[in-house]
Amino acid sequence: MDADLGNYRKSYEKGELLLNSVPENPIELFRDWFIEVDTHFNVGETNAMTISTVGLDSYPKSRVVLLKKYTHEGFIFYTNYNSEKGKAIADNPNVCLSFFWHAAERQVIIKGKAEKISENLSDGYFESRPRGSQLGAIVSNQSEVVANRQELEGKLQDLEAEFEGKDIERPKNWGGFIIKPVELEFWQGRPNRLHDRIRYQLQEDYNWKIERLAP
């Protein structure tokens with residue numbers, strides 16, 4: 001079945017990104033964009049991001065996860081360490097994150113290295129999760145084959161009974177990763193496909209090299 005999408009067209013006219021107006025630190029620009037998009041544009045989950053890894057089968061794979069925190073050091077999300085993405089990161093920590101905020105006509109692409117965060121930080125976030133999400137992290141052997149949904153729901157019911165009235169400890173195979181960036185690219189849609197692209201690259205002295213890229 002063929003589908004010709006050649007007539008899908010849009011003119012991007014909601015903003016500009018000029019080299020002489022960006023901060024020296026890309027995390028500051030990310031913060032400003034994130035707050036602006038979250039406040040003024042109806043995009044749903046502003047913190048939804050795509051993470052791309054290189055799997056054990058040597059194929060790249062991308063999937064959407066939720067950013068839970070960003071700091072001057074990097075970007076934090078949580079997952080099952082034994083999942084497909086967790087195993088891929090353990091084998092090759094070089095990953096790529098991307099945010100696409102279509103309502104603002106903006107995209108951010110981040111290359112970096114993934115590291116596990118400290119156990120106490122993972123503990124703290126796990127304790128803040130709704131009880132159902134805590135139990136779900138225990139129930140799901142993420143990325144493994146299951147016979148049917150009823151199998152998962154049955155395990156959840158068993159755990160609900162087992163932990164009734166009890167605190168739920170974080171599974172040791174579940175926790176956070178921080179992506180420490182080495183490159184960030186900010187994309188702002190512009191008319192006539194002459195989009196603004198500003199790239200930050202981390203240098204050996206830990207300063208950032210800032211350049212404009214052709215669209």
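Me: Helices here are DSSP runs of H or I with at least four residues, strands are runs of E with at least two, and both are numbered from the N terminus. Which of these elements each supply at least two residues of the lining of the largest pocket?

Reply: First, the general idea. Rolling a probe the size of a water molecule over the atoms shows where empty space is left. This is a predicted model, and its largest pocket has a volume of about 320 Å³. Of the 15 residues lining that pocket, Tyr78, Thr79, Arg129, Gln142 and Trp174 are the closest to its centre. Now your elements: strand S2 (60-66), strand S4 (75-80) and helix H4 (131-139) each bring at least two lining residues. S4 gives the most, with four.

Me: How do the residues of that lining divide into nonpolar, polar and charged?

Reply: Seven are nonpolar, five polar and three charged.

Me: What about the second largest pocket: how much space lies in it?

Reply: About 260 Å³. Its lining includes Asn25, His72, Lys180 and Trp208. Strand S7 (residues 174-188) gives the largest share of that lining, three residues. By class you get six nonpolar, two polar and three charged residues.

Me: Next, rings. How many aromatic pairs does the structure hold?

Reply: There are 18. To sort a pair, look at the angle between the ring planes: under 30 degrees counts as stacked, over 60 as edge-to-face. Take tyrosine 78 and tyrosine 125: their centres are 4.1 Å apart and their planes meet at 15°, so this pair is stacked. Tyrosine 78 is in strand S4 and tyrosine 125 in helix H3 (residues 119-128), so the pair ties together parts 47 residues apart in sequence.

Me: Which way do the rings of tyrosine 81 and phenylalanine 177 pair, stacked or edge-to-face?

Reply: Their planes are at 75° and their centres 5.1 Å apart, so that pair is edge-to-face. Tyrosine 81 sits in the loop between S4 and helix H2 (84-91), while phenylalanine 177 is in strand S7, so this pair links parts 96 residues apart in sequence.

Me: Are these residues buried or exposed?

Reply: The cut-off to keep in mind is that buried means under 20% relative accessible area. Tyrosine 81 has 11% relative accessibility, so it counts as buried. Phenylalanine 177 is buried too, at 4%, and tyrosine 78 is buried at 18%. Compare asparagine 173, in the loop between helix H5 (149-162) and S7: its relative accessible area is 24%, so it is partly exposed.

Me: Where does the charged end of arginine 106 sit?

Reply: Over the ring of tryptophan 33, 4.5 Å from its centre. Tyrosine 81 turns up again here: lysine 116 lies over its face, 4.2 Å from the ring centre.

Me: Last one: how many residues has the largest nonpolar core?

Reply: It has 33, and among those with the most contacts inside it are Phe30, Phe75, Phe99 and Trp101. Several elements each supply at least two residues of this core, including strand S1 (48-54), strand S5 (94-101) and strand S8 (196-202). Helix H1 (26-40) is one of these elements as well, and H1 gives the most to the core, with six residues.

Technical notes:
Residues numbered from 1 in each chain as written. Predicted model: local features only at pLDDT ≥ 70, side-chain atom pairs only at ≥ 80, totals over all residues. Heavy atoms only, no water. 1 Å grid on protein atoms, 1.4 Å probe; cavity = no way out; pocket = protein on both sides within 12 Å on 5 of 7 lines; lining within 4 Å. Points joined across faces, edges and corners; volume = space filled by probe spheres on them. Nonpolar A, V, L, I, M, F, W, Y, C, P; charged D, E, K, R; others polar. Phe/Tyr/Trp six-rings, centres within 6.5 Å; stacked < 30°, edge-to-face > 60°. Buried < 20%, exposed > 50% of the residue type's maximum accessible area, 1.4 Å probe, protein only. Lys NZ or Arg CZ within 6 Å of the ring centre and 35° of its normal. Core = buried A, V, L, I, M, F, W, Y, C linked by side-chain atoms within 4.5 Å.
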